Amino acid sequence: MSKTMEPDLHEPSAGIPRPSSQKEWKHPSDHWMRGFILDNRASLGTLGVFIVMMAVFMIANPTVFTTWYLYRSVLTTLPVALFVVVPLVFVVTCGEIDLSFPATMGFASWVFALVVQAGYDPFLGIVAALITGMLLGFLVGSLVVYGGLSSLIATLGMNFLLRGLIQIINEGKSMALTGLSDSWAYTIFSSQLLGIPVQIFWAIAFVVLSAMLYNRHRFGAQVRVVGDNPDSAQQMGIDVKRVRVKVFVFVGIGAAIAGTFSVMINFTWWPTAGDGYLLPVLASVFVGGTPTWGGIGTVVGGAIGAVTVSFIQTGVVAAGLSGFYVQFFNGLIIILSLLGHKWNQARYR
Amino acid sequence: MAERLIELRDISKSYGQVYALGGVNLSVDRGEVVGLIGDNGAGKSTLIKILSGVVKPTSGEILVRGKAVTGWSAARSREAGIETVFQDRALAVQQTIVRNIFMGRELTGFLGWIKVNKEIEEASRLMREIGFTSKVFTPQSIVGQLSGGERQGVAIARAIYKQAELIVLDEPTTALSLTETAKVFHFVRQVRASGRSILFIGHNIHHVFDIADRFVVLDRGKVALTTDRSQVKTAEELINFMEEVAHPGGLAGLHDAGDAEQRAR
């Protein structure tokens with residue numbers, strides 16, 4: 001027994017059985033599945049959390065959790081969150097944070113509502129909203145990057161400032177867009193397909209495209225490098241400031257789409273549009289497995305995080321607990337996810 | 001005489017009232033290895049950062065192949081064929097080897113999408129070329145998992161991609177084991193043999209003496225001596241000179257890993 005365990009120092013080239021057995025022996029990391037799991041451990045962890053949570057809900061109340069109605073209501077509102085969670089993964093990876101997206105959602109959807117109310121085609125409204133979102137993202141990004149301000153504080157300030165501007169001009173009045181339901185834009189972006197809210201297909205397409213952008217595009221690669229080590233990125237000739245501004249512009253675009261979708265769901269624009277998304281969206285990013293320190297992150301994980309967070313509220317109530325439990329479970333899931341990710345991820349910085 | 005690849009003329013750099021460099025001239029010809037020696041705080045790192053475009057000089061001129069350049073930046077420096085292996089290696093430790101090698105010049109195709117397979121192929125080729133290979137890591141390993149020598153390998157692989165004409169090695173042997181240092185030396189000779197140039201910066205005068213054709217001694221922001229192999233026969237001569245001219249106080253300060261340079265950065 002002990003003889004076979006000893007290294008064969010005297011005859012390195014002899015020992016016929018040894019080399020042949022070595023050939024057959026395969027390192028576990030060679031297996032594609034191990035590689036897949038290692039590359040996607042954060043998002044798979046998030047998926048695990050989601051599955052466990054749903055299993056608990058199902059056991060608690062099987063009748064409600066097998067009805068389609070519950071899922072349809074989540075699938076209607078979830079896309080709005082997805083359109084901002086995904087760009088925020090980019091921002092957090094870049095080592096920044098953007099808390100101004102709720103106001104950008106409100107501002108861009110306001111422009112959309114104004115264009116539609118003025119009698120123009122909703123498509124024109126969408127284009128106008130997108131331009132508004134891009135401009136606001138550029139403004140916020142420039143303020144942070146070229147103004148050299150802390151993104152946490154500066155974007156918080158911009159959120160208040162833009163929201164205040166909306167409130168001052170509208171004096172708290174909402175806008176009803178009743179004509180919207182007859183338009184082509186509504187059919188394409190907000191109707192139902194085989195009983196499934198069509199928004200979710202757009203949101204999934206957005207998530208897939210963004211995940212590819214993150215992992216397989218120059219933009220995503222540079223965002224990760226800048227978040228990981230901005231000095232090195234600069235030494236290697238990357239325009240660090242430009243990359244940083246770009247992620248804020250990306251949030252602006254996402255927020256504009258999200259805001260427009262939320263107006264199309266409700267046929268109404270409120271001056272508070274987007275406000276309720278601040279904390280759930282931020283929670284989704286971190287529940288999804290994107291760490292706070294920058295350089296790495298996961299778009300798909302963030303999307304699964306958004307699904308998890310949007311099911312907590314529905315799930316807690318549907319499981320028969322009173323609404324008072326919602327916040328408690330929200331917090332519980334966030335803390336458990338963070339602990340899970342800390343254990344799941346190797347940290348190199 | 002060989003072609004003059006790059007020339008820094010009368011370069012000065014001051015941070016407020018403090019002079020890091022006061023009128024430095026430095027040139028590198030094609031196919032030569034220039035050793036840049038100096039004590040901590042002599043201005044070596046500042047000079048390297050100016051050469052690589054990371055830091056802008058307060059005054060002075062940079063000439064590439066005899067032509068003065070304007071708007072010198074990190075990107076311009078790389079375009080001109082200058083690759084720098086920084087002392088801290090400038091790696092993004094949470095990224096893969098591939099991402100580090102192609103940092104700032106991703107191999108992209110249509111609309112900026114990265115050619116993933118091509119990058120992996122090229123990265124493996126580069127790692128093989130310089131002999132930094134192992135069964136433990138692949139081009140898709142995370143740099144944070146590698147040892148110091150392996151990280152140096154990644155930084156060097158990044159520098160030799162695209163056949164850079166001048167490779168600047170800033171303290172490449174610091175904190176490396178003997179075998180790893182030997183690998184770096186082997187690499188330097190390989191580069192010289194292929195007709196390209198190297199600017200080798202080092203604390204260890206023996207290391208620099210072994211490898212360089214020409215020596216430039218920097219002292220307190222000024223060039224104290226420029227000499228070559230025909231004039232200096234042994235490393236001791238070089239050390240004696242530095243002891244005499246630059247450091248009247250003796251050699252003690254030379255090997256003292258002081259923090260003056262740290263502060264300068």
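Me: What makes residues 1-26 of chain A a stretch to treat with caution?

Reply: Over residues 1-26 of chain A, pLDDT stays under 50, and the model has one contact beyond four places in sequence for them. Where pLDDT is low, the predicted coordinates should not be read in detail.

Me: What does chain A consist of in terms of secondary structure, and what box do the C-alpha atoms fill?

Reply: Chain A comes to 17 helices and four strands. Its C-alpha atoms fill a box of roughly 90 × 60 × 35 Å along the principal axes. Of the 349 residues, 45% count as buried. Among contacts in chain A between residues at least 6 apart in sequence, 78% join residues at least 24 apart.

Me: Why is A:L161 called exposed?

Reply: A:L161 has 12 other C-beta atoms within 10 Å. A residue is exposed if that number is 12 or fewer, so A:L161 is classed as exposed. A:L161 lies in helix α9 (residues 151-170) of chain A.

Me: What makes the phi angles of B:D10 and B:R89 worth noting?

Reply: Most residues other than glycine have a negative phi. Phi of B:D10 is near 50°, a positive value in a residue other than glycine. For B:R89, phi is near 75°, again positive in a residue other than glycine. B:D10 lies in strand β1 of chain B, whereas B:R89 is in the loop between β6 (82-85) and α3 (97-101) of chain B.

Me: What makes a group of residues a nonpolar core, and which residues touch the most other members of the largest one?

Reply: The members must be buried residues of the nonpolar kinds listed for a core, joined through C-beta atoms within 7 Å. The largest nonpolar core has 164 residues, of which A:L82, A:F83, A:V84, A:V85, A:A303 and B:F200 touch the most other members. Helix α14 (residues 240-266) of chain A supplies the largest share of this core, 15 residues. Beyond four places in sequence, A:V85 touches residues including A:V281, A:V285 and A:A303.

Me: How many residues of chain A and chain B are in contact with each other?

Reply: There are 21 residues of chain A in contact with 23 residues of chain B. On the side of chain A that touches chain B, α12 (218-228) and α13 (230-235) are the elements that give two or more residues. The most come from α12(A), with six residues. That side of chain A divides into eight nonpolar, seven polar and six charged residues.

Me: Why are β2 and β5 of chain B said to stand at the edges of their sheet?

Reply: Four strands of chain B form an open sheet in the order β2-β1-β4-β5, with antiparallel pairing. β2 (18-29) and β5 (67-68) each have a single partner strand, so one side of each is left without a neighbour in the sheet.

Me: How do you know that β1 and β2 of chain B pair, and likewise β9 and β10?

Reply: Two strands pair if at least two bridges join them. Nine bridges join β1 (residues 4-15) to β2 in chain B, and B:Y15 stands opposite B:V18 in β2(B). Six bridges join β9 (residues 214-219) to β10 (residues 222-228) of chain B. Both counts meet the requirement of two, so each couple is a pair.

Technical notes
Residues are numbered from 1 along each chain as its sequence is written. Chains are lettered from A and ligands numbered from 1 in the order in which they are written. This is a predicted model: local features need pLDDT of at least 70, side-chain atom pairs count only at pLDDT 80 or more; totals for chains, interfaces and linings use all residues. Two residues are in contact if their C-beta atoms, placed from the backbone, lie within 7 Å. Ala, Val, Leu, Ile, Met, Phe, Trp, Tyr, Cys and Pro count as nonpolar, Asp, Glu, Lys and Arg as charged, and the others, Gly among them, as polar. pLDDT is the predictor's confidence in each residue, from 0 to 100. A residue is buried if 20 or more other C-beta atoms lie within 10 Å of its own, exposed if 12 or fewer, and partly exposed in between; C-beta atoms are placed from the backbone.
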